[in-house]
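The following paragraphs lead through a structure step by step. Please look at the sequence and the model before reading on.

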Amino acid sequence: MHGLYLLSVYLHITAAIVWIGGMFFLVLVLVPWLRKGDRALAGRVMKDAGQRFRTIGWACFAIVLATGTFNLYVRGVRFSSFVDPAWLASPFGKAVVTKLAIFAFVLLVSAFHDFWHGPRATIVIQKDPRSPEAERLRKRASYLGRLNMLLALALLGLGVVIVRGWPW
C-alpha cells in the first residue's frame, strides 16, 4: 500500500505542476508576448493554445481529484471526518476543508472560463479584435486566468500545510 500511496502522491504533484506551470506560461509568457503583435493572430493563437490547455488542465483536475481522494483515504480521512467537529476543528482538518473549498471554486471558475466565457470571447475577438466588447471579454478572460493562478498558489501552499502543518 505504501508504494501505491507514493505513486499517487507523485501523480498528484505532477498533475499540479503541469496545471500550475501551464497557467504561469500562459499568463506570464504567452499573453504578454501576444499583446505586442497582431490582435487577430493573437486571438487565433490564444484560441488554439486555450483549447489545448483546456484538455490538459481538465485531465490534470481529474488526476488531482482522484489521487487527492486516495491520498486522504490513506491518511485516514473518511467521509465521516467531514461531519466530525473535532476533526474539522483540527489544523489538519481546517487545511483539508479549505483546500477542497478552493479547489471546488477553481473548478467553477475554470468551467465558466473554458466552456462559456472563453468560447464567447473567441467568437467576438475573431469578428473584430479591436471592438469594445472584444476588449472587455479579453480583460475578463485575463482576470479569470490570473484569479485561477492565485488560487492555484493557495492550493499549493495548503498542500504544503497538509503535509507539514501550519507554521504557527
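In which hand, left or right, does H4 pass H5? The crossing of H4 past H5 is left-handed, a term for a near helix turned anticlockwise from the far one by less than a right angle (clockwise would be right-handed). This is a predicted model, in which local features need pLDDT of at least 70, side-chain atom pairs count only at pLDDT 80 or more, and totals for chains, interfaces and linings use all residues. Residues are numbered from 1 along each chain as its sequence is written, and side-chain values use heavy atoms, with hydrogens and water left out.

Helices here are DSSP runs (H or I, at least four residues), numbered from the N terminus. Helix H4 covers residues 91-127 and helix H5 residues 132-164; their axes come within 9 Å and cross at roughly 160 degrees. Axes are lines fitted to C-alpha atoms over the stretch in contact, and angles run from 0 to 180 degrees between N-to-C directions. H4 and H5 are therefore roughly antiparallel, the word for angles over 145 degrees. Their contact consists of 24 nonpolar, 6 polar and 6 charged residues. Nonpolar covers Ala, Val, Leu, Ile, Met, Phe, Trp, Tyr, Cys and Pro; charged covers Asp, Glu, Lys and Arg; the others, Gly among them, are polar.

Helix H1 (residues 2-35) and H2 pack with axes 8 Å apart at an angle of about 155 degrees, so H1 and H2 are roughly antiparallel as well. The crossing of H1 and H2 is left-handed. In the contact of H1 with H2, 25 residues are nonpolar, 7 polar and none charged.

The structure holds 3 salt bridges, each a side-chain nitrogen of Lys or Arg within 4 Å of a carboxyl oxygen of Asp or Glu. One of them joins Glu133 and Arg120, at 3.6 Å from N to O. Glu133 lies in helix H5 and Arg120 in helix H4, 13 residues apart. Glu133 also forms a salt bridge with Arg136, with the closest N and O atoms 3.8 Å apart. Because Glu133 and Arg136 are 3 residues apart in helix H5, about one helical turn separates them. Glu133 is partly exposed at 33% relative accessibility, a class between buried (under 20% relative accessible area) and exposed (over 50%), with a 1.4 Å probe and protein chains only.

Glu135 and Arg138 meet in a salt bridge of 2.5 Å, N to O. Shared partners join Arg120, Glu133 and Arg136 into one network of salt bridges.

Technical notes
Helices (H or I, at least four residues) and strands (E, at least two) are DSSP runs, numbered from the N terminus. Angles under 35 degrees count as roughly parallel, over 145 as roughly antiparallel, 65 to 115 as roughly perpendicular and the rest as oblique.
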